[in-house]
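Hi everyone, thanks for coming. Let me put the model up on the screen, and then we can walk through it together.

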Amino acid sequence: MANSYFSVKVQNEKQKTFYSFLCSVFLTITMRILFVCLGNICRSPAAEAIFTHLIEQNKLWKTISCDSAGTAGYHEGQGAYPKMINVAGKRGYKVTSISRQVRPDEDFEEFDLIVAMDNQNIADLNRMAPLGNAKAKICKMTDFALRKNYTYVPDPYYGDTRDYELVIDILEDACEGLLQSITN
Ligand code: 4NP
């Protein structure tokens, strides 16, 4: 690969400037967000779908990206929970993510913001965070809420349709607030 198009060996200041230029043209993502819940089949996949919808609506694909993960790996490799897919789908959101567990070393490096759904997620993420300033990236979804009616996103897993609708209500509000806080 040494001489291939994709191998950029920075040798001097001129090349560094050219490399920065290439990055600014082709890789302009400036904010990477990871949404986290327990199982990564209900709340965080819905947050990812709603926030992706906002990114697309606001044509911000080049500057903001998001993903989701769970603090537990119970559902690793599975699609989102059908109840969440259905309820979110009725509101116009496509929940397509595949569950995966948080990968502490990679995720705390790759993402700028790690957005948890509840206080237990926050405690687990703090426990998983690598040494250094990684913990500073952890925050709670409802801290961005505009309406401030909830202090966490409740786990709907064993609940009924209304519990799933409530999750979407809270996430729609908080995702709007999160986008405002990033773009203002
Ligand atoms: P989530 O919901 O954290 O919003 O994905 C849950 C999904 C699965 C389980 C718990 C919560 N579970 O215990 O398997």
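Which residues does Met-84 touch, leaving out those up to four places away in sequence? The answer is Cys-42, Pro-45, Ala-46, Val-95 and Tyr-164, where touching, or being in contact, means that C-beta atoms placed from the backbone lie within 7 Å.

Before going further, a word on what you are looking at. This is a predicted model, in which local features need pLDDT of at least 70 and side-chain atom pairs count only at pLDDT 80 or more, while totals for chains, interfaces and linings use all residues. Residues are numbered from 1 along each chain as its sequence is written. The pLDDT, the predictor's confidence in each residue from 0 to 100, averages 90 over the protein, and 85% of the residues score at least 70. Over residues 1–11, pLDDT stays under 50, and the model has six contacts beyond four places in sequence for them. Where pLDDT is low, the predicted coordinates should not be read in detail.

Now, back to Met-84. Along with Val-36, Ala-46, Ala-88 and Leu-171, Met-84 touches the most other members of the largest nonpolar core, which has 43 residues. The elements giving two or more residues to this core include strand E1 (31–37), helix H2 (43–57), helix H3 (82–90) and helix H6 (161–183). H6 supplies the largest share, eight residues. For the terms: such a core is a set of buried Ala, Val, Leu, Ile, Met, Phe, Trp, Tyr and Cys residues joined through C-beta atoms within 7 Å. Buried means 20 or more other C-beta atoms within 10 Å of a residue's own, exposed means 12 or fewer, and partly exposed is in between, with C-beta atoms placed from the backbone. Helices (H or I, at least four residues) and strands (E, at least two) are DSSP runs, numbered from the N terminus.

Let's stay with H6. Its 23 residues reach 33 Å from first C-alpha to last, close to the 33 Å expected, the expected span being 1.5 Å times one less than the number of residues. The buried residues of H6, among them Tyr-164, Leu-171, Glu-172 and Asp-173, pack against H2 and H3.

After H2 comes Lys-59, with a positive phi near 50°. Lys-59 lies in the loop between H2 and E2 and counts as exposed because it has 8 C-beta neighbours inside 10 Å.

Asn-40 brings us to the ligand. The residues around the ligand include Cys-37, Asn-40, Cys-42, Arg-43, Asp-155 and Tyr-157, being around it meaning a C-beta atom, placed from the backbone, within 6 Å. By class, this shell has six nonpolar, two polar and two charged residues. Here Ala, Val, Leu, Ile, Met, Phe, Trp, Tyr, Cys and Pro count as nonpolar, Asp, Glu, Lys and Arg as charged, and the others, Gly among them, as polar.

One last stop: Val-115, in strand E3. Val-115 touches Ile-33, Leu-34, Phe-35, Val-36, Cys-139 and Met-141, not counting residues up to four places away in sequence.

Methods. Two residues are in contact if their C-beta atoms, placed from the backbone, lie within 7 Å.
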